[in-house]
Amino acid sequence: MEADSKPKKSGARLCCVCNQNRAALKRPKTLEQGVFYAVFEEEIHQVILENQLFKPGERIAIGASGGKDSTVLAYVLSELNRRHNYGLDLFLLSVDEGITGYRDDSLETVKRNELQYGLPLKIVSYKDLYGWTMDEIVKMIGLKNNCTFCGVFRRQALDRGAALLKVDKVATGHNADDIAETVLLNILRGDIARLSRCTSIITGKDGPIPRCKPFKYTYEKEIVMYAYFKKLDYFSTECIYSPNAYRGFAREFIKDLERIRPRAILDIIKSGEDFRISTTTKMPEQGTCERCGYISSQKWCKACVLLEGLNRGLPKLGIGRNQGLNSDGKKDRKRDSRTPSIESKQCGSLEF
Amino acid sequence: MHLTLEFGGGLELLCKSVKFHNVNVDLPKGADKLSMRDLLAWVRTNLIKERPEMFMKGESVRPGVLVLVNDCDWELSGQLDTTLEEKDVVVFISTLHGG
């Protein structure tokens, strides 16, 4: 759509909707703040309606980390619930991975959100569920593959928390940028199974507690702008273990792309949605984990496999096949941080 | 030129955890205007105390950092070519963290 705006002397343009106030935001259209709020909220409302994300009377847990996406999600959902009478019972569900200096601070933010938005909060912790905090896990496995453990455990933790809250669905704050990154990541790793699922706005429909992503088409930039203008309280620090994550590369690329052609983000999502897999490609079958009953395409679900590795003690740090002396005579400190089960898997065939 | 700068979204950590800065920026030699391009170079030299790559990439801000000039997206005013005036408020917000 064309931006219909009149340039003023100082270079300030007018909002193309009301044509009176100074524009604050450039989207495909150019908008003034108050109009931006209305458009932002209305678009989310339309996504919710068109995709039939909720039904009246449902109990919904909002995955809340205290970060920008989940805070804005909590705020907007409770606002829309009121305004449009969705008839939903909303809860905040938070996962404590046990990352000192990161999660303990962001949980304080969620506790404030509980008061600010009047939504009851439940916190589940890795320590209670698995007997391990992320700090303890990283101490054991080193700084590689941290996100693998954390992501797998968090997914289950959310499900457990949702079951405790007896909710019908979980809503997460994944935004368009996140989903575009995931599409790219799955392509880069040849993970066809995930590629076919990762753009769905509702996932786990066959399972006990489906999940939805109301921000699927919402740009991260707009979420931040919304939070900034509305002065919403959120926590904004990178997880201390994330700099080593593979996702960082996809993110960097997406951000560079956005600068050149902002529409690329939505277009990548569209490509992911329209991807069709050749009928001759062998796809893993979804069954259940023998140990815990969770959904899994292998005998044991990834969480059980990882937990077993942790509890048995991985090849101890500093001892193992990769330990050796380099030419300086100093001990080689390269660590093999992968569990035996991950090592034996072919690239692209990890299920989690 | 007196300006108010605000750093958010985690960027304040690069400036010793100070979010708000009231600064006085000298115009570049021979110029009668201060552009965002000039301001960014000034900020990198004078305010960013660590990891400048988190704030800037090349001449401009790192992709993922939003810039608002007087509460208005700098993409509307020409990004790096935006000219600043006395008492303007410039906000830098990073979006590069968990949600």
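Predicted model: local features only at pLDDT ≥ 70, side-chain atom pairs only at ≥ 80, totals over all residues.

Visitor: Which strands of chain B stand at the edges of its sheet?
Guide: The sheet is open and mixed, with four strands in the order S2-S1-S8-S6. An edge strand here has a single partner, so one of its sides is left without a neighbour in the sheet.

Visitor: At about what angle to S6(B) does helix H9 of chain A run?
Guide: Helix H9, residues 220–229 of chain A, lies across S1, S6 and strand S8 (89–94) of chain B. Its direction relative to S6(B) is about 45°.

Visitor: What about chain A: which residue stands opposite Asp96(A) in S5(A)?
Guide: Chain A has an open, mixed sheet of six strands, ordered S5-S4-S3-S6-S8-S7. Strand S4 (residues 89–96) and S5(A) run parallel there, joined by five bridges. Opposite Asp96(A) stands Ser125(A).

Visitor: How many aromatic pairs are there over all chains, and how is the pair Phe36(A) and Tyr226(A) arranged?
Guide: A search of the whole structure turns up 18 aromatic pairs. In this one, the ring centres are 6.4 Å apart and the planes make 75°; planes over 60 degrees apart count as edge-to-face, so the pair Phe36(A) and Tyr226(A) is edge-to-face.

Visitor: How many residues apart in sequence are the parts that this pair ties together?
Guide: Phe36(A) belongs to helix H1 (residues 33–50) of chain A, while Tyr226(A) belongs to helix H9 of chain A. Both residues are buried. The parts they tie together are 190 residues apart in sequence.

Visitor: Is Phe55(B) buried or exposed?
Guide: The ring of Phe55(B) pairs with that of Phe92(B), with centres 5.1 Å apart and planes at 80°. Buried means under 20% relative accessible area. Phe55(B) has 0%, so Phe55(B) is buried.

Visitor: Which residue lies over the face of Tyr37(A)?
Guide: Tyr37(A) is part of a cluster linked by ring pairs, whose members include Phe40(A), Tyr75(A) and Phe215(A). At 4.5 Å from the ring centre of Tyr37(A), over its face, lies Lys230(A).

How values were computed:
Residues numbered from 1 in each chain as written. Chains lettered and ligands numbered in written order. Heavy atoms only, no water. Pairing = 2+ DSSP bridges. Helix = DSSP H or I, 4+ residues; strand = E, 2+ residues; numbered from the N terminus. Contact = heavy atoms within 4.5 Å. Axes fitted to C-alpha atoms, helices over the stretch in contact; angles between N-to-C directions. Phe/Tyr/Trp six-rings, centres within 6.5 Å; stacked < 30°, edge-to-face > 60°. Buried < 20%, exposed > 50% of the residue type's maximum accessible area, 1.4 Å probe, protein only. Lys NZ or Arg CZ within 6 Å of the ring centre and 35° of its normal.
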